Amino acid sequence: MTSSTSPPSRPTNDPRREGFGSVLRSEWTKLRTVRGWVIGLVAAAVLCVAFTFVVGHGNQEGGCTGPPPPGSGPNSPGTNCYTGHPFVPTGPNGEAVADSYRLVEQPLSGNGTLTAQVTSLTGLIWTGPANIAPSLAHTKPGLAAWAKAGILVTPSTHQGSPYAAIMATGSHGIRWQYNYTHDRPGLPGAITNSAPRWLRLTRTGDTLTGYDSANGRTWHEIGTANLAGLPASVILGLFVTSPVSFQRSSSGAPTQATATFDHVTLNGRAVSDVRQSHSIGTGSQDYYPTLGTGSAHRPGNTFVLSGSGDIALAVNPLAGGDTASSSLWFGLIAALIVTIVVATMFITVEYRRGLIRTTFTATPQRTSVLVAKAAVIGVVAFVVGALAAAVGVPLGMHVLNGNGNYVFPTTTLTEVRIIAGSGVLLALTAVAVLALGAILRKSASAITTGVLVFALPYLLGQLLSGSAQEWLFRVTPAAGFDVLGVLPHSAQVDYPSTIANGYYPLAPWAGLVVLCAYAALALGTATFLLRRRDA
Amino acid sequence: MSEPIIEVTDLHKRFGSAVALDGMTFTVAPGRVTGFVGPNGAGKSTTIRVILGLDAPDEGTALVCGQPYQHLQRPLNQVGALVDAAALQPSRTGRNHLLWMARSQDMPTSRVDEVIELVGLGSAARRKAGGYSLGMRQRLGIAAALLGDPPVIIMDEPFNGMDPEGIIWMRRLLHSMAVEGRAILVSSHLMSELQDMADHVLVIGRGKVLADASVDELIAHASGDQVLVRTSAASEAAGALQRAGNAARVIDGNTISVSGLEAQHIVEVLSQAQIPFSEVTAQRASLEDVYLQLTSGEAEFRASSDRKAQS
């Protein structure tokens, strides 16, 4: 006998049970010693980055606008050709904004108040074909819900400047808005001959206050805004604008609004007596589609302004549609599918080979085994997802920018969230399908179920549209992809906030919570079955 | 014999309508090889899985070192088991297979290399286990069982697929480990595999123990203390033995069968009666005969020395 073993000792009551740490090390050893799994997980990350590059690369921006060259057909591209994306202004907090309107202003020095009565607000909607530049030649009457006419104060007519405004709207009543995202409602109801509205904007230092009134005598304060660092001399005036309508087409039709202002009264010291009329953000280089540049004239004591555009957050599809994560999702799905296969096999292979019995003789605490496996595959999947996204997000943005695409500005915090979120997305899915593997015990059925439940909704979600798509991204594991959301929803803009346009129905972390619930359910079921079943 | 190290008491288990275990009760003592033998489907593997905490019995208990397996601390240090040598991840090397097991018990990597040498796996240990022959898998399985240097070793059908050389090696290994004081439980569906190796045998049939005895006791029982006498005067000899108070039966013209008397006394009786005889032979059954006799008739037999095991 060549045994080098010592004579067996009676089992001592060693108080050191093998801790969870040794189960973890054991499961980690299992994972890293199967070359196919390691290759698969590395491939998942590489695939994700590669697809991100391909998707970004295939996205080129450029085109022609304006009237077709003389002698060519009506469907020829315009003569005003450009490469790269049109100009998208950036608001005071770094967000992409729309800032296109007609303004009649008079600079104000120091404090002051501008009052005006809006006596009418009407509109036109472009009805012409999509391939020609919008003009007033093809329109029908119609007022956009968020058509705006009112009083505005801003330090500068530069697009993206801070501002505050009191306004009448197409169908949202009187509103007090400032700096593109803040909004408070005033008097409801549309502007009619029988129900004109009075508006007032007061400047006191950095503080701006908006009032409305039905009769010009009783005034209600709607809200205030504090625009820190407002210069002594500010631009104060009347404005009209009217946003793109998506009611009839998904590509949108530009609109124009016309408002009549009466009883325009300035209390305060005007820098000059001359009122100037400006068309802001309606040039050919500006991204916001407008119906003409608007106009302003003064019949009698009234002011009549026509304007087109919007003063609000920039939204897709108008701004061109790319975000820090828009090239990532496809690669992430590829990585997800590979991760699902590896994570499932991490346990089903043990069942197939009977190895699970060896595992349970080494660690009879079956829940510990499952939790250790989940921890190991979860952490590894997190690293795969986070690494892939950490490379993919900057790469995607770089490629998109290089191709002339507009990429919505993103804060570092948002990029970190997308990167960590991609990791958590893969980790939760890996844990869920591992549990599925423990429940089903067969590689083929567990992988199929895993892909159907945890990857297909994402793919299906890209094909569907409307409420079905939104539903998928709310309640199925596809909700996890909501963590890729970059664009903030804006209640002050009517636009198709679809996933195709980069808008996800749930808040980023809320989406992961939904996915987490699926993983917890699967893990709970697997634990229950593992304890009950014979190995 | 010292205190039992495995105690199986009144195990019952059904799989659907099929009864797998039907009052399985036995003990395994250290310092000897206990053969666990019975036809396929007798309940050997189920019993072993219950002992290892893999299957839950409907009734009854199985204790290892006085505790249910699930309560053992670092169980591979107390029980080494070879349940299924094919239970391997084919793309993992043999050494890595042992390595993850070692990690789960906080054992050093050096122990992995020790057992690899011990079972003679050597250079093959760094190859993928999927390419191993059946014999190499068995050696790897044994290495896994020995990893924790446990006082109890349980092997389910370890000889399956082994070449004769391997079987001899395995018998020596198991024997030497028993000599070291370990409790060895080895199952087989072939009694012949255990005949020269097991010190003690548990014969299993239909979910319970049919015989629990040392090899000698079993054989003696099956032989039924029969002694064959060859003589030219068969009827006189039978008469003389019957007068001496023993059952004697004439089988044919010159052979009689005697029970209840040892060969030595028969010689004395016949010599005194001056009856000539040519041969007096104690009839020895082979272990295989006993096994077949037990498992076909399902008769129960327990040696007196082990009666205490049956409560």
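Me: Before we start, what does buried mean here?
Reply: Buried means under 20% relative accessible area. This is a predicted model, and of the 311 residues of chain B, 54% count as buried.

Me: How many helices and strands in chain B?
Reply: Chain B has 10 helices and 14 strands. Take its contacts between residues at least 6 apart in sequence: 68% of them join residues at least 24 apart.

Me: What about charges on chain B?
Reply: There are 27 positive and 35 negative side chains. The centres of the two sets lie 8 Å apart.

Me: Let's zoom in. How do β1 and β2 of chain B pair, parallel or antiparallel?
Reply: Antiparallel, over eight bridges. Strand β1 of chain B covers residues 6–15, and strand β2 covers residues 18–28.

Me: What sits between them?
Reply: Two residues, in a hairpin. G16(B) is in the turn, with a positive phi of about 65°. F15(B) stands opposite A18(B), which is in β2(B).

Me: Switching to R95(B). Where is it?
Reply: In helix α2 of chain B, residues 94–104.

Me: Buried or exposed?
Reply: R95(B) counts as buried because its relative accessibility is 13%, and the cut-off for buried is under 20%.

Me: Which residues does R95(B) contact?
Reply: Leaving aside neighbours within four places in sequence, R95(B) is in contact with T109(B), V112(B), D113(B), I116(B), A125(B) and R126(B).

Me: And how far is R95(B) from L121(B) in space?
Reply: 9.4 Å, C-alpha to C-alpha. In sequence, R95(B) and L121(B) are 26 residues apart.

Me: Now chain A. What is its average pLDDT?
Reply: Chain A averages 90, and 93% of its residues score at least 70.

Me: Where does pLDDT stay under 50 in chain A?
Reply: Over residues 1–17 of chain A. The model has 40 contacts beyond four places in sequence for that stretch.

Me: Last one, S327(A). Which loop is it in?
Reply: S327(A) is in the loop between β18 (311–313) and α3 (328–353) of chain A.

Me: Why does S327(A) count as buried?
Reply: Because its relative accessibility is 3%.

Me: What does S327(A) touch?
Reply: Not counting residues up to four places away in sequence, S327(A) touches F51(A), T52(A), V55(A), G56(A), G396(A) and L400(A).

Technical notes. Residues are numbered from 1 along each chain as its sequence is written. Chains are lettered from A and ligands numbered from 1 in the order in which they are written. This is a predicted model: local features need pLDDT of at least 70, side-chain atom pairs count only at pLDDT 80 or more; totals for chains, interfaces and linings use all residues. Side-chain values use heavy atoms; hydrogens and water are left out. pLDDT is the predictor's confidence in each residue, from 0 to 100. Contact means heavy atoms within 4.5 Å. Helices (H or I, at least four residues) and strands (E, at least two) are DSSP runs, numbered from the N terminus. Buried means under 20% relative accessible area, exposed over 50%, partly exposed in between (1.4 Å probe, protein chains only). Lys and Arg count as positive and Asp and Glu as negative; His and the chain ends are not counted. The place of a charge is taken as NZ of Lys, CZ of Arg, CG of Asp or CD of Glu. Two strands pair if DSSP finds at least two bridges between them.
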